[in-house]
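Here is a short report on a structure. Please keep the model open while reading.

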2 protein chains.
Amino acid sequence: MYIKGVGMTKFGISGKFSQMLAYEATLEALNDADINFKDIDAVVCSSLEWFFSIEKQRHFAALLASVFKTHKPIIRVPAACAGGGAALWVAQQLGYDNVLVVGVEKLMTCKSESITDEFMMAAESKWEQVEGLNFPGQNALVAQQYLEKYKKTTTEHLALISFKNHSNALLNPKARFYGRKVTLEEIKNSPIICSPLRLYDCSISVDGAAACVVTNEKTDIKIIGSDLCAEYLPTWEREDSLRWEGTIISSKNAFNQAGVEPSDIDVAEIHDAFTIVELIAYEDLGFCKKGEAYKKIEEGYFNLDGKMPVNTSGGLKAKGHPVSATGLAQIYEIVKQLRGEAKDRQVSKAKIGLAHNIGGAGGTVTCHILKKICG
Amino acid sequence: MYIKGVGMTKFGISGKFSQMLAYEATLEALNDADINFKDIDAVVCSSLEWFFSIEKQRHFAALLASVFKTHKPIIRVPAACAGGGAALWVAQQLGYDNVLVVGVEKLMTCKSESITDEFMMAAESKWEQVEGLNFPGQNALVAQQYLEKYKKTTTEHLALISFKNHSNALLNPKARFYGRKVTLEEIKNSPIICSPLRLYDCSISVDGAAACVVTNEKTDIKIIGSDLCAEYLPTWEREDSLRWEGTIISSKNAFNQAGVEPSDIDVAEIHDAFTIVELIAYEDLGFCKKGEAYKKIEEGYFNLDGKMPVNTSGGLKAKGHPVSATGLAQIYEIVKQLRGEAKDRQVSKAKIGLAHNIGGAGGTVTCHILKKICG
């Protein structure tokens, strides 16, 4: 399948309801594709429909039917933070000519206490939730283990990932942290959230929507690899916290489908819910060996001017992380990069890009590989 | 596509967690299909993951990965009360040889106050929810309008629908009301919930799961029609409350795919969330003209010994309505009927069956038509 058009709202604090954010991202995607909504055969949406949100809407597909005034099939595919990637994976397989994929989340209208409760529900309930093992805690444990096992890696490397993503966001007008310069010192001295993770090691919750049109018609952007992988929800059931099976399996499958190697990737959006998650993904995706990510971080390999820029959009860290929209915002960025439309943050000669989206602490993982088709 | 195996738990009050109910229904479906889980290529699940539930699990797909110890793709497709039907519709299109479809809900562990809040979220929030227009209220308005417009129809006809479904449930060991005889007098004298709907006009919330294996291998049960249709969430945006567009469109599409007429259907499971919903569906599905359902109700056309038995399982009314499991429990019943395995409630010579599943007040509707393949 191919991608015909992409759209996304600015990520941040929005006074608009979810369906209006979805509408805005869709409109941009339709304009970008140069088609009308009547050309769309089906819609796959993704949203978590937070209970504590002021929106109180639990049947988002039917709400979109009202917004778009359509009776065409609309399904919702939530998958914690991997909802966008999961929706894109499903959309390709529905057998239609043109499928609209749209992900949206409103996080800024919930109180932080209630949103923590809801986030926690994506973790295992009987041991993890009751121990207060929320996502910063869970990922801090991973970071502790990693730093203990691979002693050449330090919190300095984590800070450099954060600094890279913030520096990229400075160049992305749709990013939450656009225009807000953050220094490496500021990152390294930010408050501890859960040791060793500091404030700037954690992604930022925002409101936002992103959309794309998937088509069987040949366009300039082809989806050459697409995979979705499930992983055991309870983290203690997994053999090794420092290898995320969902990432390893889904990327391996996507690379096999695409017939390319990790070294063929020119630009990537990696799920940096926490800096340690991005670091481990470098390894699990095959960009470097286990325990050796620190070398590439030191040499600036993943920087905007490096060999393979990662999270040129600013990533979840600094562009923002509107849960179910995130996977599709990654696709937006990769498409813009491959087309050469990324302006100040353009990677030169990018032909093949990868998007990596994680739900929960790795419970659902999707990998998509896109290729620029010339001529 | 074909159906290879079906399974469901007993519907009622269960001490088991959702994932265990899903496991139980899956095990029966796998045994029925005579395959092992390793033969399954992907899983489509459906569950609403109620916030107020004691389960507090929001990433059900990853929970199932743990239960089944698999890394194969698992996606979740909730669609309010049409989640089961929506999951089945998606499963057929994933391009795999064998897909497990499983729907589950735990409703009996929520307090009635909180579950009402959550149910309400499937209705429009800005006018309907704030006016307290919950689903009994919404459907009572429909019933009031219907009885006002079609004066030959009375609450007696609604009571007869309830009585039929309760009589069928008496013969279904997996039904909530199995073994609990309900008389027509009891139904007609039951407390008013929202006029003209009485207690026995409303379906019964239960815990339960249902599953099926969809396959591209030829079996004795072929899915000859399958459609999913979206309808505007706000009910005031619809032209006519007495014609449910979702049902009309999805059934028309399914009949066209199947190449059959309503008169070819031998047995049907119809979404009787309320008796008035079943009555209107008789008409919208094409089994009788608008305003004339009362005639067929009077002649016992839809009774177990009638021309086209409806809700032989007991329906949502008396088998029970575990939201996301309902659409797949309908498939379970139709498969059992077509195979001649429905025992005391067997419809003679049933060759073609229909399952009709509604989400919310019609916001998502699915129709599936199954055919017994001989020889």
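## Overall build of chain A

This is a predicted model. Chain A contains 13 helices and eleven strands. Its C-alpha trace spans about 55 × 50 × 40 Å along the principal axes. For 375 residues, a compact globule would have a radius of gyration near 21 Å; chain A comes out at 19 Å, so the value agrees with that rule.

Burial in chain A reaches 62% of the 375 residues. Of the contacts in chain A between residues at least 6 apart in sequence, 79% join residues at least 24 apart.

## The sheet of chain A

Chain A has an open sheet of nine strands with mixed pairing. The strand order is β3-β2-β4-β7-β1-β8-β11-β10-β9 (chain A). At the edges stand β3 and β9 (267-269) of chain A. Each has a single partner strand, so one side of each has no neighbour in the sheet. From one strand to the next, the twist averages 25 degrees.

Within this sheet, β1 (residues 2-8) and β7 (residues 208-215) of chain A run antiparallel and are joined by six bridges. A:Tyr2 has A:Thr215 as its bridge partner in β7(A). Helix α1 (residues 18-33) of chain A lies across β1, β2 (42-46), β4 (98-105) and β7 of chain A. This helix runs at about 135 degrees to β1(A).

## Where the chains meet

How many residues does the contact take from chain A and from chain B? It takes 45 residues from chain A and 45 residues from chain B. On the side of chain A that touches chain B, the elements giving two or more residues are α2 (60-68), β3 (74-76), α3 (83-91), α5 (125-129), β8 (221-230) and α9 (245-258) of chain A. The largest share, five residues, comes from α2(A). By class, this side of chain A has 24 nonpolar, 13 polar and eight charged residues.

## The sheet of chain B

Chain B has an open sheet of nine strands, again with mixed pairing. Its order is β3-β2-β4-β7-β1-β8-β11-β10-β9 (chain B). The edge strands are β3 (74-76) and β9 (267-270) of chain B, and each pairs on one side only. Neighbouring strands are turned by 20 degrees against each other on average, direction ignored.

## Strand β4 of chain B

Is strand β4 (residues 98-105) of chain B mostly buried or exposed, and what covers the count? Eight of its eight residues are buried. In a regular strand, side chains alternate between the two faces of the sheet. Both faces of β4(B) are covered. On one side, B:Asn98, B:Leu100, B:Val102 and B:Val104 are buried. On the other, B:Val99, B:Val101, B:Gly103 and B:Glu105 are buried.

β4(B) has strand partners in β2(B) and β7(B). Strand β2 (residues 42-46) of chain B runs parallel to β4(B), with five bridges between them. Here B:Val44 has B:Val101 as its bridge partner, and B:Val43 stands opposite B:Leu100. Strand β7 (residues 208-215) of chain B pairs with β4(B) in the antiparallel sense over eight bridges. In that pair, B:Val99 is bridged to B:Val214.

## Strand β1 of chain B

Strand β1 (residues 2-8) of chain B has six of its seven residues buried, so the rest of the structure largely encloses it. β1(B) pairs with β7(B) in the antiparallel sense over six bridges. It also pairs with strand β8 (residues 221-230) of chain B, antiparallel again, over two bridges.

B:Ile3 takes part in both pairings. Its bridge partner in β7(B) is B:Val214. Its bridge partner in β8(B) is B:Ile221.

## A helix crossing in chain B

Two packed helices are described by the angle and the distance between their axes. The axes of helix α7 (residues 155-169) and helix α10 (residues 275-284) of chain B come within 9 Å and cross at roughly 95 degrees. That makes α7(B) roughly perpendicular to α10(B).

From α7(B), the contact uses B:His157, B:Leu158, B:Ile161 and B:Ser162. They meet B:Thr275, B:Ile276, B:Glu278 and B:Leu279 in α10(B). By class, this contact has four nonpolar, three polar and one charged residues.

Key: Residues numbered from 1 in each chain as written. Chains lettered and ligands numbered in written order. Predicted model: local features only at pLDDT ≥ 70, side-chain atom pairs only at ≥ 80, totals over all residues. Contact = placed C-beta atoms within 7 Å. Helix = DSSP H or I, 4+ residues; strand = E, 2+ residues; numbered from the N terminus. Nonpolar A, V, L, I, M, F, W, Y, C, P; charged D, E, K, R; others polar. Buried ≥ 20, exposed ≤ 12 C-beta atoms within 10 Å, placed from the backbone. Pairing = 2+ DSSP bridges. Axes fitted to C-alpha atoms, helices over the stretch in contact; angles between N-to-C directions. Parallel < 35°, antiparallel > 145°, perpendicular 65-115°, else oblique. Rg over C-alpha atoms; globule rule 2.2 N^0.38 Å.
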